[in-house]
Amino acid sequence: MKRDGKKIIFEKAGDLPPMAMSLGTTEYNETGSWRNERPVVDSSKCTGCGICWKFCPDISIKEDANGKASIDYFFCKGCGICAVECPVKAIEMKEEEK
Amino acid sequence: MIYTIPQKELINPGHLACQGCGGALALRTVLKTLGENTILTFPACCWSVIDGPFPYSAVKVPLFHTAFETAAVTAAGVKAGVKKAQDPNTISVAWAGDGGTFDIGIQALSGAAERNEDMFYFVYDNEAYMNTGVQRSSATPKGAWTTTTPTQSPKKERKKDLVSIIAAHAVPYIATACVAYPEDLTKKLEKAKKIKGFKFFHIFAPCPPGWKINPQDTIRIAKMAVENKMFPLFEIEDGEKYTINMPNPKKEKNVPVNEYILKQGRFRHLKEDDINEIQAFVDKRWEKLKKLAEI
Amino acid sequence: MSTQKVLMGNHALSWGAVTSRVQVISAYPITPQTQVVELLSEMCTDGTLDAEFIKVESEHSAMAACIGASAAGARTFTATSAQGLALMHEMLHWAVGGRLPVVMGNINRAMAPPWTIWTEQTDSLSQRDTGWLQVYASSNQEVYDSVLMAYKIAENRKVSLPMMIVLDAFFLSHTSENVIMIDQNKADAYLPKYDPEFKLDVKNPHTFGGLTTPDWYMELRYNIQKGMDDSYQVIRDAQSEFKSVFGRDYGMVEEYKCEDADVILVGMATAASTGKESIDILRNKGVKAGLLRIRYFRPFPFEDVRRVLKNAKQILVLDRNLSPGLGGITFQEVKSAMYNEKNKPPIYGFIMGLGGRDITVESITNLFEHAKKNDPQDIIWMEVKK
C-alpha cells in the first residue's frame with residue numbers, strides 16, 4: 001500500500017486489510033468541484049456569530065484570524081445554507097466561474 | 001466566532017452527502033457532544049454512502065456498517081463486546097435512517113428497547129428511502145409525493161407514530177430533535193449521556209433532492225416544521241413523563257402549515273382541502289401532546 | 001485424572017463454550033437447540049461463565065449481535081437450527097465479509113414446511129456458499145472438543161472466518177454420552193484470549209465494511225478464499241496440538257478400514273458412525289468395505305478425499321440432505337473432487353434418512369448390496385415409499 005497525499009493506493013490483494021476497512025479520511029475528496037455557486041463572506045459585515053459554522057453540513061466554514069467566518073472552498077459544495085441563515089446578510093452566493 | 005455547540009469536529013469534510021443534507025448535519029452535530037469514546041453502527045441508509053468509499057471514511061470514530069434491519073441489535077452487540085473486551089463506558093450508537101428504523105429495522109429496535117440495552121439509537125428522518133431514490137417509507141407523511149407514491153396517487157397513509165411505539169417500551173429516554181435547533185439537540189444529548197439504558201432520538205433531517213427543495217432552505221424548512229408543530233420538540237422519560245421543549249415557548253404562536261407545505265415540491269400537487277386536512281391533523285396531535293405533557 | 005460428565009450433545013456445545021471462555025452469547029430458542037442456551041443462561045447467572053448473554057428477538061438478530069460483539073473484539077457464541085439458520089442467512093455472509101470468527105452450533109433439522117423437528121443436513125448445507133467453516137460431529141465428545149478447536153482455527157489471523165459446529169438433531173443433540181472434560185488451565189493455554197488484528201477501537205478508529213467499488217471487491221473475495229486455503233494447515237496444526245495436549249485425534253476426515261477397501265462409503269455425522277457397524281458386518285462376510293466420514297465440509301477436504309478414494313473400485317455416498325434438481329450435496333462435492341483424478345471409481349449417490357427417518361445398520365448394509373448391481377446413478381432413493 002502506498003499513499004499519495006491523502007489518497008491511498010493499493011496494488012494487489014495482499015495490500016488490502018483483512019476486510020474493507022478505512023485507512024484514510026474523505027479529505028482526499030475535493031467536494032468543492034460540485035459547486036455551482038460560491039459563498040463569499042463580507043468580513044466587514046460578519047459579526048462572528050457562528051451561525052453559518054453551526055449549520056454547515058460540509059464542515060467547510062472556519063474561523064479566520066479576526067474571528068470572522070471563512071469558507072474552505074476545497075470542500076464547500078455551495079449549498080447556500082450559510083447565506084440564507086446569516087442574520088446580517090454577510091454571505092452572498094456568487095455564480096461559480098468554470 | 002461564538003460557538004453555541006461543541007467546537008470539535010468528529011466528521012471530516014469531503015464526505016459524499018448531497019448539498020444541504022440534513023442527515024449529514026445531524027450526525028455532525030450529534031458526534032460533537034457524544035465525543036470520541038463512541039462507536040457507530042450504520043445500517044443501510046444514506047450514511048452508508050455519505051461516509052465515503054473504502055478505504056476512506058468521513059467519521060473520526062470507529063464505525064461498523066451492518067445489514068439494513070440490524071442497527072439496534074448490532075449496536076447492542078458492540079456494547080456487549082466493549083463491556084467484555086474493552087472499555088465498558090464506550091458509547092454504542094445505532095445511527096439509522098427512517099426506512100431502517102420505522103420499517104425494516106423495527107423488530108430489532110423493539111427488541112433492543114425492550115431489553116433496555118445501554119445504547120443510543122438515532123433515527124435521522126428524511127421521510128422516505130432517499131438513498132435508493134425517494135421511495136415511500138412508513139415515515140413518509142400523508143399526501144407526499146415519492147417515486148412509489150406518484151402525484152396522481154400520493155401517499156394515503158399517515159406517518160407512523162414511532163415515538164409513541166418506543167414510548168410504549170418505557171425506555172428511560174426519548175427525544176425529538178431537529179437539525180435547525182442544534183443547541184436543543186446538544187442539551188438533550190448531554191442529558192441522555194448521563195442516563196443508563198436505551199436512549200432514543202428522533203431527528204428531523206430534511207432531504208433537498210427528496211423533498212424537492214432548494215438545498216439552501218434545509219434549515220429554514222426544518223425550522224418551519226418545528227414552529228408549525230408538524231415536528232414538535234419534546235422529551236419522554238420512562239415512557240410517561242412528557243416535556244415539550246419548543247424553541248420559543250413564550251412567543252409561541254399559531255404558525256399554519258401552509259408555508260411549509262407550499263415550499264416543498266413533494267407536496268406541490270396538494271389542494272387547499274388537503275392542506276386543511278393536514279392542518280387539522282397537526283392541531284389535533286399538538287393538543288394531544290400538550291395533554292400528555294400536563295400529566 | 002480427567003473429569004467426565006454425562007452430557008447430551010446440546011450440553012456438550014454449552015460446555016464447549018464455557019471451556020472456550022466465550023465473552024458474548026446471543027441466541028434465540030428453537031427446537032432442538034434450546035438446551036444449549038438454557039444451560040448457558042444458567043451458567044452466565046451462577047458465575048460458571050463470565051459472559052454477556054443477549055437474549056434477542058430473532059436468530060437474525062442473534063447473529064447480528066454476535067457480529068457487533070465480535071467486531072468489538074469479544075469472543076462470541078450462538079447456536080441455532082433449521083429455520084433459525086435460514087433466517088440468519090444474510091448475517092452469515094456478514095460475518096464472513098467482516099472476517100469475524102463467530103462460532104456457532106447448528107443442530108441439523110429438516111426445513112419446513114411441513115413443520116418438522118427431526119434431523120436432516122439440508123439446513124446447514126444450504127449455507128455452504130456463505131464462507132463459514134463447517135465441521136460435522138458424530139459424538140458428543142467430538143462436539144465438545146470441536147468448540148475449543150473452532151475458536152483456535154477461526155481466530156487464527158490467517159483464517160479470520162466464522163465456524164459452524166454441526167450435529168444431528170436428537171441422535172446427538174438429545175442423546176447423552178460420556179464426555180471427558182478439558183482442564184481449564186490446559187484449555188486456556190491451548191486457546192489464548194482473542195486478540196484480533198483490528199477491531200472497533202476508539203483509540204485506533206477505523207470504519208468497517210464501507211462501500212467498495214468493483215476495483216477492490218474481487219480482491220477482498222480472493223482474500224476470503226485465501227483464508228480458506230490457509231485454513232487447511234491451521235486446522236491440521238490445531239488438531240495435532242489438540243492431540244498432543246488432550247490425547248484425542250481428529251482429522252479433516254475420519255477413515256475406517258479404507259486402506260484396502262474396494263467399496264468405500266462416504267458420509268457425515270451420526271449416519272456415518274452407524275456405518276462403522278455395517279462395515280464390520282460386511283468385513284466379516286469377506287466384503288472389502290470401508291468408511292470415509294467427512295468431518296470438514298468447508299473447507300472441503302479435497303486432499304484427504306482423493307487420497308482415500310482413489311484406489312477404491314466403487315464409491316457410495318450417503319446423503320441425509322437433498323438439493324432438489326440436483327440430488328445429494330455431499331455426492332456432488334465428492335464427485336467433483338474426483339473429476340480430475342486419473343482413476344475415477346464409479347460413484348453412487350444415495351438419498352436416505354430425510355426428515356429424521358432412522359438410518360439403521362441394515363439400511364447402510366443395503367447400500368453395499370445395491371452397489372453389486374454395478375449401476376452407478378446420481379440419485380438413488382433408498383427406503384422411500386415411491
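Q: Which strands of chain C does helix 12 of chain C lie across, and at what angle does helix 12 run to strand 14 of chain C?
A: In this predicted model, helix 12 (residues 361-371) of chain C lies across strand 11, strand 12, strand 14, strand 15 and strand 16 of chain C, and its direction is at about 140° to strand 14 of chain C.

Q: What makes strand 10 and strand 16 of chain C edge strands?
A: The 6 strands form an open sheet in the order 10-12-11-14-15-16 (chain C), with mixed pairing. Strand 10 (253-256) and strand 16 (380-381) of chain C each pair on one side only, and they are the edge strands.

Q: Why are strand 15 and strand 16 of chain C called paired?
A: Pairing requires at least two bridges between two strands. Strand 15 (residues 347-351) and strand 16 of chain C have 2 bridges, in the parallel sense, and therefore count as paired. Within this pair, C:Phe350 stands opposite C:Ile380 of strand 16.

Q: Which element of chain A gives the most to the side that touches chain B?
A: Across this interface, 36 residues of chain A are in contact with 31 residues of chain B. Helix 2 of chain A gives the most to the chain A side, with 4 residues, and that side divides into 17 nonpolar, 12 polar and 7 charged residues.

Methods: Residues numbered from 1 in each chain as written. Chains lettered and ligands numbered in written order. Predicted model: local features only at pLDDT ≥ 70, side-chain atom pairs only at ≥ 80, totals over all residues. Contact = placed C-beta atoms within 7 Å. Nonpolar A, V, L, I, M, F, W, Y, C, P; charged D, E, K, R; others polar. Axes fitted to C-alpha atoms, helices over the stretch in contact; angles between N-to-C directions.
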